[in-house]
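This report is written for a reader who meets the structure for the first time. It takes up covalent links, salt bridges, peptide geometry and model confidence in turn.

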Amino acid sequence: MLALVTLLGACGGASTTAPGNGRDAVALRFLSRYALPDGRVVRRDQGGDTVSEGQAYGMLIAAAIGDRSAFTRIWRWTKGQLERPDGLFAWHWTGGRVVDPQAASDADLEIARALLVAGCRFGDASLQRRGVAVGRAVLARETAQRGRRLVLAAGPWATGNPITVNPSYLDPALLDALARLTGDRRFGDLAGGTAAAIAAVSDPLPPDWATIDEQGAVTPSGPPGRRVPATYGFDAPRAVVWAAVAPRAAGRRLAARAWPALRGRATTEPLAAVAAAAAAAAAGDRSARDRLLARADRLQAGAPTYYGTAWAALGRLLLTSDRLSICSSPDHRSTT
């Protein structure tokens with residue numbers, strides 16, 4: 001087996017920042033406030049439950065700041081409590097047990113990214129192999145072909161007709177990295193096909209949810225099972241952030257198109273400020289990016305929440321550093 005090759009110019013390990021550095025203050029605050037000693041990430045402001053998305057956020061933040069102990073605890077809890085037989089992760093845990101075994105593709109993708117980033121940061125090929133395995137499980141169970149597009153569904157439950165899509169679940173950079181690491185072109189097709197579907201319903205802001213019929217027609221929608229209008233609301237700002245850090249120019253253009261709409265929009269939630277910062281960055285306005293990231297920091301400090309603190313930390317890491325990027329490891333080509 002080939003040795004792990006870490007390309008420092010394309011890996012989080014290239015810009016290690018010592019814990020305690022002011023740049024990481026919000027990241028450290030998230031881990032200290034929401035990650036319990038046993039590795040469970042608790043939504044203190046939402047009844048004390050845990051979701052797979054939160055475990056992914058904790059793993060990403062711990063890997064990005066180089067806290068291997070925290071990463072190991074969070075990953076151990078995640079795989080011990082939430083991992084399903086198919087390699088995906090149950091999304092909802094509370095009261096000492098899983099209460100909904102369904103998987104959510106955003107959490108599954110970000111768990112894969114966290115494992116790949118940690119493999120880079122800690123020089124551990126076994127973590128990268130697990131990240132690839134999770135990515136393959138997503139490809140096998142949380143995607144569907146619609147028209148000429150391979151599209152990311154919101155979870156295994158969402159692959160019917162029409163397919164249910166949450167635009168904010170797509171992480172194009174991760175999928176393109178998986179294509180590179182594995183040699184499997186379907187990961188790149190998935191990134192491109194889902195991004196095209198999102199672009200079709202972004203005017204210029206994406207909706208929280210959408211559906212895609214058998215012919216590939218994309219329609220904005222409200223959350224599944226609820227008769228409410230399609231909006232740029234609680235979820236969609238994440239789609240702007242992921243588009244802004246996409247390796248393909250089309251993704252960055254989608255984020256830049258959102259900047260005129262977000263420039264004067266009220267930012268009373270940390271994620272809204274981070275999304276506006278991402279759009280500003282994609283449009284080349286670095287001073288606005290920095291100003292909006294600082295606003296996100298202030299908002300989460302003034303009224304801390306699990307979701308707001310996570311995205312204030314992730315936004316700064318994604319938009320101002322390379323510490324959540326993924327290095328190359330050729331031995332993944334032999335992974336099955």
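## The disulfide link

A disulfide joins Cys-120 to Cys-327, with an S to S distance of 2.3 Å. The link of Cys-120 and Cys-327 is left-handed, with -105° about the S-S bond.

Are the two cysteines buried or exposed? Cys-120 has a relative accessible area of 4% and is therefore buried. Cys-327 is likewise buried, at 0%.

## Asp-108 in helix 4

Helix 4 also contains Asp-108. This residue has 0% relative accessibility and so counts as buried. Which residues does Asp-108 contact, leaving aside its neighbours within four places in sequence? The contacts are Leu-88, Phe-89, Ala-103, Val-134, Val-138 and Glu-142. Asp-108 and Pro-304, by comparison, are 196 residues apart in sequence, and their C-alpha atoms are 25 Å apart in space.

## Salt bridges

The structure holds 15 salt bridges. Three of them are set out below.

| Residue pair | N to O distance |
|---|---|
| Asp-184 and Arg-136 | 3.9 Å |
| Asp-184 and Arg-186 | 2.8 Å |
| Arg-289 and Asp-290 | 2.8 Å |

The side chains of Asp-184 and Arg-136 meet in a salt bridge. Asp-184 lies in the loop between helix 6 (172-182) and helix 7, and Arg-136 lies in helix 5 (residues 125-141), so this pair ties together parts that are 48 residues apart in sequence. Asp-184 also forms a salt bridge with Arg-186.

Asp-184 counts as buried because its relative accessibility is 13%, under the 20% cut-off. Arg-136, at 22%, counts as partly exposed, and Arg-186 is partly exposed with a relative accessible area of 46%.

In the bridge between Arg-289 and Asp-290, Arg-289 counts as buried at 12% relative accessibility, whereas Asp-290 is partly exposed at 35%. Elsewhere, salt bridges that share partners join Glu-53, Asp-106, Asp-235 and Arg-238 into one network.

Pro-162 is found in the loop between strand 5 (149-152) and strand 6 (163-165).

A cis peptide bond also joins Asp-203 and Pro-204, with omega of about -10°. Pro-204 lies in the loop between helix 7 (185-200) and strand 7 (209-212).

## Confidence in the model

The mean pLDDT of the chain is 91, and 91% of its residues reach 70 or more. Which residues have pLDDT under 50? One such stretch is residues 1-20, for which the model has 49 contacts beyond four places in sequence. Another is residues 330-336, with 21 contacts beyond four places in sequence. Where pLDDT is low, the predicted coordinates should not be read in detail.

Definitions and conventions:
Residues are numbered from 1 along each chain as its sequence is written. This is a predicted model: local features need pLDDT of at least 70, side-chain atom pairs count only at pLDDT 80 or more; totals for chains, interfaces and linings use all residues. Side-chain values use heavy atoms; hydrogens and water are left out. A disulfide is a pair of cysteine sulfur atoms within 2.5 Å. Buried means under 20% relative accessible area, exposed over 50%, partly exposed in between (1.4 Å probe, protein chains only). pLDDT is the predictor's confidence in each residue, from 0 to 100. Contact means heavy atoms within 4.5 Å. Helices (H or I, at least four residues) and strands (E, at least two) are DSSP runs, numbered from the N terminus. A salt bridge is a side-chain nitrogen of Lys or Arg within 4 Å of a carboxyl oxygen of Asp or Glu.
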